[in-house]
Amino acid sequence: METNPKNFMSSVVIALQDIQLQTALDRGTTRGVNGRIAAMGETTDANVLRRQGRLARERALNALPDLLEQLERNVVANGGQVLWARDGDEANQLILDLCKQHNVQRVSKGKSMATEETKLNHALEAHGIEVNESDLGEYIVQLAGDTPSHIVFPTLHKTKEATAQLLHDKLGMPMTDQPEEMTRFVRGVMRQKYLEADMGISGVNFAIAETGTIATVENEGNNRLSTGAPRIHVAIMGIEKVIATWEDYAVLVQLLTRSATGQRMSVYNNLMSGPKRASEPDGPELFYLVLMDNGRSGIYETEYAESLACIRCGACLNVCPVYQNIGGHAYGWVYPGPIGSVISPLLLGIEEAPKLPYASSLCGACMAACPVEINIPDMLLKLRRDLVKAGDPTLEWKAGMKLWQRAMQSPRLFLLGVKMAQAGTGVIAGKSGKIKSLPPPLNAWTNSRDFPAFPKESFRERMKKRKANQQASS
Amino acid sequence: MSKRVAYFVTCIIDALFPDIGEAALDVLERQAVQVEFPEAQTCCGQPAFNAGFQEESRKVAEHFLDVFKGYDAIVTPSGSCAAMVRHYYPELFKAHPRRDEALDIAAKTFEFTQFLVDELGVTDVGAAMSKPTRAAIHDSCHGLREMHIDRQPRALLSHVKHLTLTELAGHDQCCGFGGLFAIKMGEISSAMLKDKMLNINAADADIIITGDASCMMHMNGGLSRNQSKKRVVHIAEVLAGRI
C-alpha cells in the first residue's frame, strides 16, 4: 500500500496486527527510551541543558534570514558553493544538474531525511544515476524497496531476524542473528561503492553560520567516507538547521546524541568546512550546500514556528505510546511520531494529513522527552482547532459539540442529561452495572472496554442530602 | 478571615463516581477546611477544547468563570481538569475580554493532593486501609506533566496505615484514555490500554491508585472486560479510608 497520511486510519489497523512489527517496535523504542534516560541522566542538570538547547535554537530561528546569509558567505569564503531550493523538486533538479555538469554516474549517500522529503534517490535513478545508501539502516531500507520508519533508526520496524532474512535473500549472506556479523557482511559489500562513487551526498545535522561549517553525527564512518572519498560532496539541509555559533553547537550536539542514541558523543562527529584545500591530502574537490525551504518559511512566522526548533533526535517517537504501537509507516510521510503529527500537516498542508493531529492522547511524554522543549501537545491542539475552523469534523460531531456546550452552560440541563444517562445506561447495563456494548461511534469504546453504568444518584443529588443531614445534626 | 474554598467535583465524578466526590470532600473537611460546593458548576470545558472546538469550550469555560468567581481557592480531585483551568484557560482567553478573570481563576485552581500537600502542608490525613494492602501508583498524564504532581500523592500515601506502596512498571505511561481520543482512535487507545494492563497485572499490587477518575474508569473498563482481579481506585477513596 502506498503510504500516505490520508490512509492513517487503515494503516493503523494493519500495523497493530503486524506481529513482526510489534516485536521490532517493543525492542527498538524501549532501547531508545532507556538510552536517552541514562545519557541525559548523567549530565549535571538535564533540564538546564535542555533550556540551553532551547535558547540556542531560539537564537537561531529568531535570526534565521541573517544566519542563512552569513552561512552562505562563509561557505563561499571556504571555497564551496551554496544553492537555494524553494521546494523538493527544485532541490532534486539542482542536484541532478550538478550530476550532469560533472558527469556523475554513481552517488554514495549518507543518511539524510531532507532527501527523503524530496525523494532524491528516485529522481536520480530515473536519470540512470546509481545511488547507494551507505548508512547501514538506510541501505537495508533501500535493499527492501522500503522507506525509513524512524528519523534516527530507519529500520526500527524490522527485527534483526527479518533483516538477516533480507540480506540472505538479496545478497546471499549466510543466516545469522548477530547484528555484528550482518554489519561486517554489509561493510564488505559497501567499501567498494565509496571508491567508485563520483559524488557523495549527505544530510546536515547543524550548519554553523559563523564559520560556514556543516556538522554531521554518525556511528559507522560511512558519512565520513561518502563525503570525503568522492570528488564532489553535496550536502542538503532544511533551512532551519542553521545555528549561530560553535558554542551553540557544543550544547546542541550532545543533546542530539544523548537524546537520539543515548550516546555522550556519536562515534564520528564530522565537521566540514568546504572542499579540500591545497595543503590537504584528501577530501572532495568540490563542495555544494543545498539550502532547502520546502514549506518551512510558511511556518516561520506562524504560531507553529516552534516546530522548526526540532533537531530530529527521534526521542519523541521512542517515548510516544502511539508510535510504540503503530510504528512510523502508519503516519504516511517522512516524519512520523509526535513531531511528525505536527510537521506533516504543516509542511504538506493540513488537508493532506487531517487525522494526524488527533493521533495523540495528549499525554505529553513527547514534550517531557524533547531536548529542546518543544510543546508538541500545544501545537496538536492548535492544529485540531484549525481543522475545526476549516470544517473538517462531520456534522454529527459539530451538532454533538453544540449540544454538549448548551448542556454544560446550564446546571439544569446538565442534571437532566445525567438523569437520562442514568435511566438509559441502567437498562443497558442490567445487574452487572457494566455496559458491554454501545452503538457507533461509542462502540469504539465498548469493543475492548466496559463502560460503567451511571449510578442512580449523582454527586450533586447526594450533596443536597448531605447538606440536609449536616443541618439536622448541627 | 477564613479563606473561601470552592469544590469543583468535575462532571465525570459528579455523574459517574459520586463516591469519589464525597471521599475527597470528606478528606478536605477533616482538615477543617470549609469547602463550598457551588451547585451551578458543570464542566471545565476540556472535552471540546481537546477536540479543537475552542469556541464551544470557551462558552463552557465562561460558565466556569461565573460559578467560581470570588473564591480564594478552587480544589478539584482531578489533575486533568485542574490542568485545563490552570494551563489552558490563559490560552483559551488570550484575546478575550475576560482574560484577567481567567488568569485569576487559573492561578487559584488546585488539584486535590496538591492542595493538601503544597497549600495546607498536610501529608498525614490519618487514613487507614480496611486490611493490609499492597498498592502501586499510576501517575495520570496531565497531573504529572502539566501540574507536576508526583511527590504529593506519594507523600500522602506513605502515611496511610496498612498500605504498602510498590512499583508499577510504566507508572508514568499513558493508559490510552485521552478523552475523545478513546473514541476517535479506538484501536490505538485500546492497544495502549493493553500495554497498561500487562504492567498492572504484572505489578506486585492488589490495587492501583491514581488521581484522575477518567483514567481510572478507562483502566477498570479494560481490567473488568479481561476478567482481571486488579482494580484501579482514586486516591481520594484511599485517603478517606473508604477502601
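User: At what angle do H9 and H10 of chain A pack?
Analyst: This is a predicted model, so every value here comes from predicted coordinates. Helix H9 (residues 160-171) of chain A packs against helix H10 (residues 179-196) of chain A at an angle of about 30 degrees. Their axes are 11 Å apart.
User: Parallel or perpendicular, then?
Analyst: Roughly parallel: angles under 35 degrees count as that, so H9(A) and H10(A) fall in this class.
User: Is the crossing left-handed or right-handed?
Analyst: H9(A) and H10(A) cross in a left-handed way.
User: Which residues make the contact?
Analyst: From H9(A), they are A:Lys160, A:Thr163, A:Ala164, A:Leu167 and A:Leu171. H10(A) brings A:Pro179, A:Met182, A:Phe185 and A:Val189.
User: And how does that contact split by class?
Analyst: The contact of H9(A) with H10(A) has seven nonpolar residues, one polar and one charged.
User: What about H16 and H18 of chain A, at what angle do they pack?
Analyst: About 40 degrees, with the axes 10 Å apart. H16(A) covers residues 337-348 and H18(A) covers residues 376-389. That angle makes H16(A) oblique to H18(A).
User: Left-handed or right-handed crossing there?
Analyst: Left-handed, for H16(A) passing H18(A).
User: Switching to the interface. How many residues of chain B are in contact with chain A?
Analyst: 52 residues of chain B, and they touch 50 residues of chain A.
User: Which elements of chain B give two or more residues to that side?
Analyst: Helices H1 (11-16), H2 (18-30), H3 (46-50), H4 (54-67), H8 (141-147), H10 (181-184), H11 (186-202) and H12 (213-225) of chain B.
User: Which one has the largest share?
Analyst: H11(B), with nine residues on the side that touches chain A.
User: What scores does the predictor give the complex?
Analyst: An ipTM of 0.96 and a pTM of 0.96. Chain B averages a pLDDT of 97. In chain B, 100% of the residues score at least 70.
User: Sheets next. What is the strand order in the parallel one in chain B?
Analyst: E6-E5-E7-E8 of chain B, four strands in an open sheet. The edge strands are E6(B), residues 161-166, and E8(B), residues 231-234. Each of those two pairs on one side only. On average, neighbouring strands of this sheet are turned by 40 degrees against each other, direction ignored.
User: How many bridges join E5 to E6 there?
Analyst: Five bridges join E5(B), residues 128-137, to E6(B), and the two strands run parallel. For a landmark, B:Thr133 stands opposite B:Leu163 in E6(B).
User: What order do the strands take in the mixed sheet of chain A?
Analyst: E8-E5-E6-E9 of chain A, again four strands in an open sheet. E8(A), residues 242-243, and E9(A), residues 268-272, stand at the edges with a single partner strand each, so one side of each has no neighbour in the sheet.
User: How do E6 and E9 of chain A run, parallel or antiparallel?
Analyst: Antiparallel, with five bridges joining E6(A), residues 213-218, to E9(A). A:Ala215 has A:Leu271 of E9(A) as its bridge partner.
User: Where do A:Pro441 and A:Asn103 sit?
Analyst: A:Pro441 is in the loop between strand E11 (434-435) and helix H21 (443-446) of chain A. A:Asn103 is in the loop between helix H5 (88-101) and strand E2 (106-109) of chain A.

Key:
Residues numbered from 1 in each chain as written. Chains lettered and ligands numbered in written order. Predicted model: local features only at pLDDT ≥ 70, side-chain atom pairs only at ≥ 80, totals over all residues. Axes fitted to C-alpha atoms, helices over the stretch in contact; angles between N-to-C directions. Parallel < 35°, antiparallel > 145°, perpendicular 65-115°, else oblique. Left-handed = near helix turned anticlockwise from the far one by under 90°. Contact = placed C-beta atoms within 7 Å. Nonpolar A, V, L, I, M, F, W, Y, C, P; charged D, E, K, R; others polar. pLDDT = per-residue confidence, 0-100. Pairing = 2+ DSSP bridges.
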